[in-house]
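Subject: Structure handover

Hello,

Here is the structure for your files. My notes on what was found follow below it.

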Amino acid sequence: MFKEYQHLRIPGPTPIAPEVQRSMDRTILGHRSGEFSKIFGDSIEKAKRIFQTEQNVFVVASSGTGALEMAVANLVEPEDKVLVVVTGVFGGRFVKIAKAYKADVMEVKTEYGLAADPEQIKSVLKQNPDIKAVFATHCETSTGVVNPIKDIAQVVKESQAIFVVDSVSALVGMDLKMDEWGVDITVTASHKALGLPPGLALIAVSDKAWKVIEQHQGPRFYWDLVSYKANAEKNTTPFTGPVSLVFGLAKSIELIENEGLEEGFKRHFILRDMVRKAATALGLELFVKDDNAASCTVTAIKGDKRFDVEELRKVLSKDYKIIAAGGQADMKGKMFRIGHMGYTHPMDMLTTIAGLEMALKQIGLEIELGKGIKAAEEVWANAKNIG
Ligand SMILES: Cc1ncc(COP(=O)(O)O)c(C=O)c1O
């Protein structure tokens, strides 16, 4: 009976709203047809609003990493000095991509679980005025830390560097005022807070970054933003676009705007607090201790000597139909992560927490059933107007 029943609580892919699902189930259109171009052009205009930018936004058929590579491929030439802010696995991914493009890579690292310190970035930029680009992750999905992008943008602005932000798991779930804060390139992907299937990425590019991109001499073909711009001016893409995902994108942004960006941020904040307060009430340890640095889209909870996180994840999945993520890289086996972004209602958090309580008890922890639920309900009850 319940073969397809599940609560997908990983930090992407995320659940899809029925309206979005239905919007993609329409007859396919030719990617060069006038009808599709109209939908495509309208979607780009709408997408600008979720990036809070009036500058260029491009659609790419790729996962998030492809669009991260696109940013690097259009800025970085061999030997260019770049600075990468590393607070976890995805900061590390920028390092790997920049090295693949033969950049001279400097890193500012923090202990995992802590957010980056803008003052540290400021001092590296002061000592290295030739840094061409700074790369940072907005929400570090591997730890659930959120970096202070507004403050980092402020220090990068004092240098000549282009500021690139991976907001793959943050945009729409947390505020990012691209133009106001001075972010030059922002990347996001469909299967996170946008609540679409994987396969579409969006990259927003400032006029300042554009000047560098036009002068760029490095090799690029599929990722060549110059050709994306020339095509975008005709409401199309250089290669076959992700047609059905664009239908979904238009609907997803419509839902986001109906809720209101600010209201959406508030909802994500409440989801986060429900999970954090419930975990603490159940005696579990949060990976990100500081509330001010805790992501509104994903929460990492530490394992401890009382239980094996992988066993917990198995029981959650098998008996409670809750799919939680494990730790990545060195953090494998040491934490589990709950995604709470996009098409996620507070009621989904109560379901998740109920399953978590039961699974923890089942694997032998002395859990008082209902304690986490109570803490989460109180968070929700004290907040208004969710829905
Ligand atoms: C912050 C962040 N950046 C980049 C990526 C990579 O995206 P993809 O797996 O779609 O290539 C992810 C995926 O989880 C992410 O969370």
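With 387 residues, a compact globule would have a radius of gyration near 21 Å, and the chain agrees because its own value is 21 Å. That radius is taken over C-alpha atoms, and the globule rule is 2.2 Å times the number of residues to the power 0.38.

This is a predicted model: local features need pLDDT of at least 70 and side-chain atom pairs count only at pLDDT 80 or more, while totals for chains, interfaces and linings use all residues. Residues are numbered from 1 along each chain as its sequence is written.

Along the principal axes, the C-alpha atoms fill a box of roughly 60 × 55 × 35 Å. Of the 387 residues, 49% are buried (20 or more other C-beta atoms within 10 Å of a residue's own, with C-beta atoms placed from the backbone).

The chain is divided into domain 1 (18-258) and domain 2 (260-381); the bounds come from an automatic or database domain assignment. Their centres, over C-alpha atoms, are 28 Å apart. Domain 1 puts 24 residues into the contact and domain 2 puts in 21 (contact: C-beta atoms, placed from the backbone, within 7 Å). On the domain 1 side, 14 of these residues are nonpolar, 8 polar and 2 charged. Here Ala, Val, Leu, Ile, Met, Phe, Trp, Tyr, Cys and Pro count as nonpolar, Asp, Glu, Lys and Arg as charged, and the others, Gly among them, as polar.

Around the ligand, the shell has 4 nonpolar, 7 polar and 1 charged residues.

Regards

Terms used. A residue is buried if 20 or more other C-beta atoms lie within 10 Å of its own, exposed if 12 or fewer, and partly exposed in between; C-beta atoms are placed from the backbone. Two residues are in contact if their C-beta atoms, placed from the backbone, lie within 7 Å.
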